[in-house]
Amino acid sequence: MLKLFCPGLSPQRQRDHRQVLSSLLSGALAGALAKTAVAPLDRTKIIFQGTTAASLTYPLDLVRARMAVTPKEMYSNIFHVFIRISREEGLKTLYFGFTPTVLGVIPYAGLSFFTYESLKSLHREYSGRPQPYPFERMVFGACAGLIGQSASYPLDVVRRRMQTAGVTGHQRGSILNTLRSIIREEGAVRGLYKGLSMNWLKGPIAVGISFTTFDLMQILLRQLQS
(Lines give C-alpha, C1' and ligand atoms only; values in the text may rest on other atoms or scores of the structure.)
Protein backbone atom coordinates (compact mmCIF):
# COMPACT_ATOMS: atom_id res chain seq x y z
CA MET A 1 0.00 0.00 0.00
CA LEU A 2 2.85 2.34 0.86
CA LYS A 3 4.45 1.71 -2.55
CA LEU A 4 1.18 2.45 -4.28
CA PHE A 5 0.87 5.92 -2.76
CA CYS A 6 4.59 6.77 -2.52
CA PRO A 7 6.28 5.00 -5.46
CA GLY A 8 9.34 7.26 -5.43
CA LEU A 9 10.50 6.41 -1.90
CA SER A 10 13.65 4.41 -1.38
CA PRO A 11 13.37 1.04 0.41
CA GLN A 12 14.94 2.53 3.54
CA ARG A 13 12.47 5.46 3.57
CA GLN A 14 9.61 3.02 3.00
CA ARG A 15 10.74 0.95 6.00
CA ASP A 16 10.96 4.12 8.10
CA HIS A 17 7.46 5.14 7.07
CA ARG A 18 6.12 1.68 7.81
CA GLN A 19 7.69 1.82 11.26
CA VAL A 20 6.12 5.22 11.99
CA LEU A 21 2.74 4.03 10.71
CA SER A 22 3.00 0.87 12.80
CA SER A 23 3.84 2.92 15.91
CA LEU A 24 0.92 5.24 15.31
CA LEU A 25 -1.55 2.39 14.87
CA SER A 26 -0.19 0.55 17.90
CA GLY A 27 -0.39 3.67 20.02
CA ALA A 28 -3.93 4.40 18.87
CA LEU A 29 -5.04 0.85 19.62
CA ALA A 30 -3.36 0.90 23.04
CA GLY A 31 -5.01 4.20 23.90
CA ALA A 32 -8.43 2.97 22.80
CA LEU A 33 -8.11 -0.19 24.87
CA ALA A 34 -6.89 1.75 27.89
CA LYS A 35 -9.75 4.22 27.66
CA THR A 36 -12.26 1.40 27.32
CA ALA A 37 -10.81 -0.36 30.35
CA VAL A 38 -10.92 2.68 32.64
CA ALA A 39 -14.20 4.15 31.38
CA PRO A 40 -16.25 2.52 34.20
CA LEU A 41 -13.79 3.97 36.71
CA ASP A 42 -14.21 7.42 35.17
CA ARG A 43 -17.97 7.12 35.53
CA THR A 44 -17.56 5.99 39.13
CA LYS A 45 -15.24 8.91 39.79
CA ILE A 46 -17.80 11.38 38.47
CA ILE A 47 -20.56 9.91 40.63
CA PHE A 48 -18.25 9.90 43.65
CA GLN A 49 -17.45 13.60 43.00
CA GLY A 50 -21.63 14.47 41.92
CA THR A 51 -21.80 12.57 46.05
CA THR A 52 -18.88 14.45 47.71
CA ALA A 53 -20.25 17.79 46.54
CA ALA A 54 -23.71 16.89 47.83
CA SER A 55 -22.36 15.94 51.25
CA LEU A 56 -20.53 19.25 51.58
CA THR A 57 -23.42 21.44 50.46
CA TYR A 58 -26.33 19.45 51.89
CA PRO A 59 -26.84 21.59 55.04
CA LEU A 60 -27.32 24.62 52.78
CA ASP A 61 -29.94 22.72 50.80
CA LEU A 62 -31.76 21.81 54.00
CA VAL A 63 -31.66 25.43 55.16
CA ARG A 64 -33.09 26.59 51.84
CA ALA A 65 -35.92 24.07 52.12
CA ARG A 66 -36.70 25.19 55.68
CA MET A 67 -36.79 28.86 54.71
CA ALA A 68 -39.04 28.08 51.73
CA VAL A 69 -41.81 26.46 53.80
CA THR A 70 -41.77 28.60 56.95
CA PRO A 71 -43.02 32.15 57.61
CA LYS A 72 -40.33 34.79 57.28
CA GLU A 73 -40.73 35.63 60.98
CA MET A 74 -39.43 32.20 61.99
CA TYR A 75 -35.94 32.64 60.60
CA SER A 76 -34.31 36.02 60.10
CA ASN A 77 -31.38 34.79 57.96
CA ILE A 78 -29.36 31.72 57.03
CA PHE A 79 -27.23 31.86 60.16
CA HIS A 80 -30.36 32.02 62.29
CA VAL A 81 -31.60 28.81 60.67
CA PHE A 82 -28.34 27.02 61.49
CA ILE A 83 -28.39 28.28 65.07
CA ARG A 84 -32.02 27.31 65.75
CA ILE A 85 -31.72 23.88 64.16
CA SER A 86 -28.49 23.14 66.05
CA ARG A 87 -29.92 24.35 69.35
CA GLU A 88 -33.45 22.94 69.15
CA GLU A 89 -33.07 19.81 67.00
CA GLY A 90 -29.40 18.89 67.10
CA LEU A 91 -26.59 19.10 64.55
CA LYS A 92 -27.51 15.74 63.00
CA THR A 93 -30.73 17.35 61.75
CA LEU A 94 -28.64 19.29 59.23
CA TYR A 95 -28.10 15.99 57.40
CA PHE A 96 -31.60 14.61 57.84
CA GLY A 97 -32.74 13.39 54.41
CA PHE A 98 -29.20 13.03 53.08
CA THR A 99 -29.59 9.29 52.42
CA PRO A 100 -32.37 9.67 49.80
CA THR A 101 -30.22 12.36 48.18
CA VAL A 102 -27.34 9.92 47.73
CA LEU A 103 -29.67 7.13 46.62
CA GLY A 104 -31.22 9.47 44.07
CA VAL A 105 -27.82 10.05 42.46
CA ILE A 106 -27.68 6.42 41.32
CA PRO A 107 -30.74 6.34 39.01
CA TYR A 108 -30.31 9.98 38.02
CA ALA A 109 -26.65 9.82 36.99
CA GLY A 110 -26.88 6.28 35.63
CA LEU A 111 -29.90 6.87 33.40
CA SER A 112 -28.70 10.32 32.33
CA PHE A 113 -25.31 9.07 31.14
CA PHE A 114 -26.80 5.94 29.58
CA THR A 115 -29.46 7.88 27.67
CA TYR A 116 -27.06 10.56 26.45
CA GLU A 117 -24.41 8.12 25.22
CA SER A 118 -27.05 5.85 23.65
CA LEU A 119 -28.56 8.74 21.70
CA LYS A 120 -25.12 9.76 20.44
CA SER A 121 -24.45 6.19 19.35
CA LEU A 122 -27.76 5.99 17.49
CA HIS A 123 -27.01 9.33 15.89
CA ARG A 124 -23.67 8.08 14.55
CA GLU A 125 -25.31 4.94 13.22
CA TYR A 126 -28.15 6.63 11.34
CA SER A 127 -26.66 9.99 10.34
CA GLY A 128 -23.24 8.79 9.23
CA ARG A 129 -21.60 11.72 11.05
CA PRO A 130 -19.03 10.93 13.78
CA GLN A 131 -20.12 13.83 15.97
CA PRO A 132 -23.54 15.48 16.44
CA TYR A 133 -23.98 19.22 16.10
CA PRO A 134 -24.07 21.27 19.33
CA PHE A 135 -27.83 21.76 19.15
CA GLU A 136 -28.27 18.00 18.72
CA ARG A 137 -26.15 17.44 21.82
CA MET A 138 -28.43 19.86 23.65
CA VAL A 139 -31.48 17.81 22.64
CA PHE A 140 -29.81 14.55 23.66
CA GLY A 141 -28.79 16.05 27.01
CA ALA A 142 -32.29 17.39 27.62
CA CYS A 143 -33.78 13.95 26.95
CA ALA A 144 -31.22 12.38 29.28
CA GLY A 145 -32.04 14.87 32.02
CA LEU A 146 -35.76 14.31 31.57
CA ILE A 147 -35.45 10.55 31.99
CA GLY A 148 -32.95 10.68 34.84
CA GLN A 149 -34.93 13.30 36.73
CA SER A 150 -38.21 11.42 36.36
CA ALA A 151 -36.64 8.23 37.71
CA SER A 152 -35.12 9.88 40.79
CA TYR A 153 -37.87 12.40 41.53
CA PRO A 154 -39.75 10.32 44.18
CA LEU A 155 -36.56 10.24 46.25
CA ASP A 156 -36.34 14.02 45.88
CA VAL A 157 -39.88 14.36 47.25
CA VAL A 158 -38.99 12.09 50.18
CA ARG A 159 -35.90 14.19 50.83
CA ARG A 160 -37.90 17.43 50.93
CA ARG A 161 -40.44 15.91 53.29
CA MET A 162 -37.69 14.72 55.61
CA GLN A 163 -35.96 18.09 55.51
CA THR A 164 -39.07 20.03 56.48
CA ALA A 165 -40.69 17.50 58.84
CA GLY A 166 -39.65 19.47 61.90
CA VAL A 167 -41.54 22.62 60.90
CA THR A 168 -44.47 21.38 58.81
CA GLY A 169 -46.11 19.14 61.39
CA HIS A 170 -45.24 15.87 59.66
CA GLN A 171 -43.82 13.08 61.76
CA ARG A 172 -40.11 12.60 61.34
CA GLY A 173 -39.21 9.06 60.30
CA SER A 174 -37.10 6.84 58.08
CA ILE A 175 -37.13 6.83 54.28
CA LEU A 176 -39.66 3.98 54.14
CA ASN A 177 -41.93 5.56 56.75
CA THR A 178 -41.81 8.90 54.94
CA LEU A 179 -42.57 7.15 51.66
CA ARG A 180 -45.57 5.36 53.16
CA SER A 181 -46.79 8.59 54.71
CA ILE A 182 -46.70 10.44 51.37
CA ILE A 183 -48.52 7.64 49.54
CA ARG A 184 -51.13 7.35 52.30
CA GLU A 185 -51.83 11.07 52.52
CA GLU A 186 -51.50 12.17 48.89
CA GLY A 187 -51.47 9.05 46.71
CA ALA A 188 -48.65 7.34 44.85
CA VAL A 189 -48.63 9.35 41.62
CA ARG A 190 -49.86 12.70 42.91
CA GLY A 191 -47.71 12.56 46.03
CA LEU A 192 -44.44 11.18 44.71
CA TYR A 193 -44.47 13.19 41.49
CA LYS A 194 -45.86 16.45 42.81
CA GLY A 195 -44.08 19.37 41.16
CA LEU A 196 -42.34 17.23 38.55
CA SER A 197 -43.72 19.29 35.66
CA MET A 198 -41.92 22.38 36.99
CA ASN A 199 -38.65 20.44 37.12
CA TRP A 200 -39.18 19.36 33.53
CA LEU A 201 -38.99 23.02 32.51
CA LYS A 202 -35.62 23.79 34.09
CA GLY A 203 -33.88 20.45 34.71
CA PRO A 204 -33.50 19.11 31.14
CA ILE A 205 -32.22 22.48 29.90
CA ALA A 206 -29.54 22.55 32.61
CA VAL A 207 -28.51 18.95 31.92
CA GLY A 208 -28.43 19.59 28.16
CA ILE A 209 -26.13 22.58 28.61
CA SER A 210 -23.94 20.62 31.03
CA PHE A 211 -23.49 17.59 28.76
CA THR A 212 -22.94 19.75 25.67
CA THR A 213 -20.36 21.95 27.36
CA PHE A 214 -18.52 18.92 28.74
CA ASP A 215 -18.40 17.17 25.36
CA LEU A 216 -17.29 20.26 23.43
CA MET A 217 -14.55 21.01 25.97
CA GLN A 218 -13.33 17.40 25.70
CA ILE A 219 -13.17 17.69 21.91
CA LEU A 220 -11.35 21.03 22.14
CA LEU A 221 -8.80 19.66 24.60
CA ARG A 222 -8.16 16.60 22.42
CA GLN A 223 -7.60 18.85 19.41
CA LEU A 224 -5.17 21.02 21.35
CA GLN A 225 -3.27 17.97 22.59
CA SER A 226 -2.97 16.51 19.11
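1. A salt bridge is taken here as a side-chain nitrogen of Lys or Arg within 4 Å of a carboxyl oxygen of Asp or Glu, and the structure holds 13 of them. The model is a predicted one, in which local features need pLDDT of at least 70 and side-chain atom pairs count only at pLDDT 80 or more, whereas totals for chains, interfaces and linings use all residues. Residues are numbered from 1 along each chain as its sequence is written, and side-chain values use heavy atoms, with hydrogens and water left out.

2. Glutamate 89 pairs with arginine 66 in a salt bridge whose closest N and O atoms are 2.9 Å apart. This pair links distant parts of the chain, since glutamate 89 sits in the loop between helix H4 (78-88) and helix H5 (98-127), while arginine 66 belongs to helix H3 (residues 51-69), 23 residues apart. Helices (H or I, at least four residues) are DSSP runs, numbered from the N terminus. Arginine 66 is buried at 0% relative accessibility, whereas glutamate 89 is partly exposed at 22%; buried means under 20% relative accessible area, exposed over 50%, and partly exposed in between (1.4 Å probe, protein chains only).

3. Glutamate 186 forms a salt bridge with arginine 161, at 2.7 Å between the closest N and O atoms. Glutamate 186 lies in helix H7 (residues 175-186) and arginine 161 in helix H6, so the pair ties together parts that are 25 residues apart in sequence. Glutamate 186 also forms a salt bridge with lysine 194, with closest N and O atoms 2.6 Å apart.

4. Serine 152, in helix H6 (residues 134-168), is buried, with a relative accessible area of 11%. Leaving aside neighbours within four places in sequence, serine 152 is in contact (heavy atoms within 4.5 Å) with Gly104, Pro107 and Tyr108.

Definitions and conventions. Helix = DSSP H or I, 4+ residues; strand = E, 2+ residues; numbered from the N terminus.
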